[in-house]
Amino acid sequence: MPDGSTQLADDDRPEVMIRKLRARLSRREEKVKEWNDLYEGERPLKYASPEFAEQTGGLFEDFSDNWCKTVPDTLRERLSVVAFHGEDGTPDKEAGRAWRRNGADVEVGLAILDALVVARSHGLVWNTRGESDITFIPAGQAIVDYVPGTRGVRRAGLRVWSDGSHEFATLFVRASAAGRAMAYRRQRALNGGEWVARTVGVPTSEPTDLINPTGLVPLVEIANRARLHGSPQSEIAAVAPLQDAVNTLWAHLFTAADFAALPQRVVLGMDKPTKDLVDPETGDIIGEEDVPLGQYSRDRLLWLSKAGAAIGQFAAADLDAYLKVISQAVRHIAAQTRTPPQYLLGEMANIAADALEAAESGLVAKAKDRQLHFGADLREIMRLEALVSGDPARAQSLAMGRTVWRDAQFRSEAQYADVLTKYKAIGVPDEALWRMIPDVDPEQIDEWVRLRDTQAQAAAQAAAQAFSSFGPKDAEDGGEEDEAEAA
């Protein structure tokens, strides 16, 4: 929750609201950077002792056995939007066209991944050049403020960005007793200063402050919700401590492998080998110097000239102890994040289909839970799209509709065919069955319906023609004469 210094009031000036929301956004930057760095594998050794860090000299600064990328990626692969249905349960074709026209069918995957990694991302809906525009914005460039006492009623939203010399901000406020819904465009120098009306990139004939005809804040937070209270959570929050432990263990293992993985031999009962220093002019011995021990390793030869000298050996270090702890830590990551073991451990040999489905049951349940929450946010984005397009009836229908996702359970084509055949046997209509097939969009289903109806019509015409060949014939000329002659 915001503190008193950043709590908004409906009668705050736009510049004051921007300053307060920008301050909140700045406080999030540290965590956003931490989660992003973890996802990218940019994590220094955290549990290594100062002595170890000094001895290795930063050798492992760029190393990471990165599970913080695998966990959210595995979940995002199960979150694919197929369509948006209205209140009557049928696909909203206009929503589908707007979704693809804006490239949202591609960008939404990145927005969901950002929400999984850094807890939230955002979707902005606006009317540009007479048609709706949907833009997904990362967590560090937008923030939404909610009406106190509510969890989802947006009071204001702020989007910020920079061009290298100026920082720009667009503030969206809802309609209230204090005034109409507006969009305020401001700018300031990149190194700080006061927010002033935007002039860079805005034509002089265009007003700085724009009226928002929808009356709503068009910025929607796509939040990775975990609890009824508190802030959204990153999916890698629970992975980070174990990730740090795994990285440190690998560093110790590599160091042990470098120094003690091979048997170490030692010479006993003999002084350190030396050689004489000879004056090249007189040939006299003028001293002695140590023989570099590395020479014996390269030459693979050592001459023991002292009586009683012997060679002993230290056993090689057992590196399995490190591997066992690392493997156990990875199993803990799999259990805590409900990531199937085969994704993390690579152990998938001769696994039956039922066993594989059971192993993925936790991930599937988690994906369906995220579909519920993310689906509500995406449905709100499409409701705003209908409003900015001037279609309130469609907006109301979408508000009562649902977001349709691809099946979170990966199945083979044979499994889908078997299930759909059984549904068909109990009378489920074809259109409903086709919607269950993964990666089939509403337009493709419309084409199948057209082809089916065309085929049925052609079959009916062929049947009618065949039946007509067996029906009664019209009397031909001369028929009456034949009848009279027969009489």
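Which residues have the most contacts inside the largest nonpolar core? I would like to start there, and the answer is Trp99, Phe136, Leu378 and Ile381, in a core of 31 residues. By a nonpolar core I mean a set of buried Ala, Val, Leu, Ile, Met, Phe, Trp, Tyr and Cys residues joined through side-chain atoms within 4.5 Å.

Before going on, a word about the model. This is a predicted model, in which local features need pLDDT of at least 70 and side-chain atom pairs count only at pLDDT 80 or more, while totals for chains, interfaces and linings use all residues. Residues are numbered from 1 along each chain as its sequence is written, and side-chain values use heavy atoms, with hydrogens and water left out.

Let me return to the core. The largest nonpolar core, with its 31 residues, draws at least two residues from each of strand S1 (81–85), helix H4 (93–101), helix H5 (104–118), strand S3 (131–137), strand S10 (219–223), helix H11 (361–388) and helix H12 (392–399). Of these, H11 gives the most to the core, namely ten residues.

Next come the salt bridges, of which the structure holds 38; the term stands for a side-chain nitrogen of Lys or Arg within 4 Å of a carboxyl oxygen of Asp or Glu. In one of them, Arg43 pairs with Asp244, and their closest N and O atoms are 2.8 Å apart. Arg43 lies in the loop between helix H1 (14–40) and H2, while Asp244 lies in helix H6 (residues 240–260), so the pair ties together parts that are 201 residues apart in sequence. Arg43 is buried, with a relative accessible area of 13%, and Asp244 is buried as well, at 1%. Here buried means under 20% relative accessible area, exposed means over 50%, and partly exposed is in between, with a 1.4 Å probe and protein chains only.

Another salt bridge joins Arg120 to Glu221, with the closest N and O atoms 2.7 Å apart. Because Arg120 lies in strand S2 and Glu221 in strand S10, this pair ties together parts that are 101 residues apart in sequence. Arg120 counts as buried at 10% relative accessibility, and Glu221 counts as buried at 8%.

What about the surface? Glu40, Glu42, Glu61 and Asp62 gather there in a patch of negative charge. Patches are made of residues with over 30% relative accessible area and no salt bridge, with like charges joined within 9 Å and nonpolar side chains (Val, Leu, Ile, Met, Phe, Trp, Tyr) within 5 Å. Asp62 sits in the loop between helix H2 (50–56) and helix H3 (67–76), and at 80% relative accessibility Asp62 counts as exposed.

There is also a nonpolar surface patch of about 360 Å², made by Val419, Tyr423, Ile426 and Met436. Ile426 belongs to the loop between helix H13 (413–425) and helix H14 (430–435), and Ile426 is exposed, with a relative accessible area of 65%. Accessible areas come from the Shrake-Rupley method with a 1.4 Å probe, and for residues only the protein chains shown count as cover.

I will end with some details of the backbone. Ala119, in the loop between H5 and strand S2 (120–128), has a phi near 85°, a positive value in a residue other than glycine, and Ala119 is buried, at 5% relative accessible area. The C-alpha atom of Ala119 is separated by 8.4 Å from that of Ser231, 112 residues apart along the chain; Ser231 is in the loop between S10 and H6 and counts as partly exposed, at 46%.

Arg338, in the loop between helix H8 (320–337) and helix H9 (341–345), likewise has a positive phi in a residue other than glycine, near 55°. Arg338 is partly exposed, with a relative accessible area of 40%.

Terms used: Lys and Arg count as positive and Asp and Glu as negative; His and the chain ends are not counted. The place of a charge is taken as NZ of Lys, CZ of Arg, CG of Asp or CD of Glu. Helices (H or I, at least four residues) and strands (E, at least two) are DSSP runs, numbered from the N terminus.
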